[in-house]
Amino acid sequence: MSTDKVRICISAYLNKSQKRIDALYCCVYSILSQTYDNFEIYIHHDGPLDDKSLADKFRKISNKITFIDNLEHKGHWGFYHRHNVSMMSPHADWILYTNEDNYYVPIFLESMLKAAKQFNSKMAYCDSIHNYINYQVLDTSVNVGRIDMGSFISHMDLIKSTPWTDY
């Protein structure tokens, strides 16, 4: 397998709900358990952080984690901002956008990169299982209403060629 670096951007809105914080921990640990380990994690928190120690807790889990805290809740603005921040990285070859409630099997990154390279593609995607619908497989084929961003890995060249100027 190549030594391509993957940037993983996790969108999180960590209000006072412990359920959201627990989901983020599960997401982070599922990523840290990957068989492909050349990645960095950017947690983009969309809103004021109620627990100011939370950012330090995540930074202490792994030196691969960068925690970005927006000063106010922007809603969907968080995704637009995350996209543009991710494009600033000269060190990443691939990118995975995801949410705090997505979890990954240990071979996810390895399998996605292998599939993309096998077909000389700038993107790879797969179906996913979502726990908010009782762990059912969600068809994530490229179709309006069926895309889950956590099921796609894209080459940075593709991302940089499609900049977003607003939500």
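Visitor: What is the relative accessible area of Arg20?
Guide: Arg20 counts as partly exposed, a class lying between buried (under 20% relative accessible area) and exposed (over 50%), with a 1.4 Å probe and protein chains only. This is a predicted model, in which local features need pLDDT of at least 70 and side-chain atom pairs count only at pLDDT 80 or more, while totals for chains, interfaces and linings use all residues. Residues are numbered from 1 along each chain as its sequence is written, and side-chain values use heavy atoms, without hydrogens and water. For Arg20 the value is 31%.

Visitor: Which residue forms a salt bridge with Arg20?
Guide: A salt bridge needs a side-chain nitrogen of Lys or Arg within 4 Å of a carboxyl oxygen of Asp or Glu. For Arg20 the closest N and O atoms are 3.0 Å apart, and the partner is Glu100. The pair links distant parts of the chain, 80 residues apart: Arg20 sits in helix α1 and, in the loop between β4 and α4, Glu100.

Visitor: How far apart are the closest N and O atoms of Asp4 and Lys117?
Guide: Asp4 is buried at 16% relative accessibility, whereas Lys117 is partly exposed at 38%. Their salt bridge has its closest N and O atoms at 2.6 Å.

Visitor: What separates Asp56 and Arg59 along helix α2?
Guide: The two form a salt bridge, with the closest N and O atoms 3.2 Å apart. Helices are DSSP runs of H or I with at least four residues, strands are runs of E with at least two, and both are numbered from the N terminus. Because Asp56 and Arg59 are three residues apart in helix α2 (residues 54-61), the separation is about one helical turn.

Visitor: Which residue in β8 is the bridge partner of Ile95?
Guide: Strands pair if DSSP finds at least two bridges between them. Strand β4 (residues 94-99) has five of its six residues buried, and pairs in the parallel sense with β1 (residues 6-12) over six bridges. Two bridges join β4 to β8 (residues 152-155), and these strands run antiparallel. In β8, the partner of Ile95 is Ser154.

Visitor: How many disulfides does the structure hold?
Guide: A disulfide is a pair of cysteine sulfur atoms within 2.5 Å. The sulfur of Cys27 is too far for a bond, because the closest cysteine sulfur, in Cys26, is 8.8 Å away. For the structure, the number of disulfides is zero.
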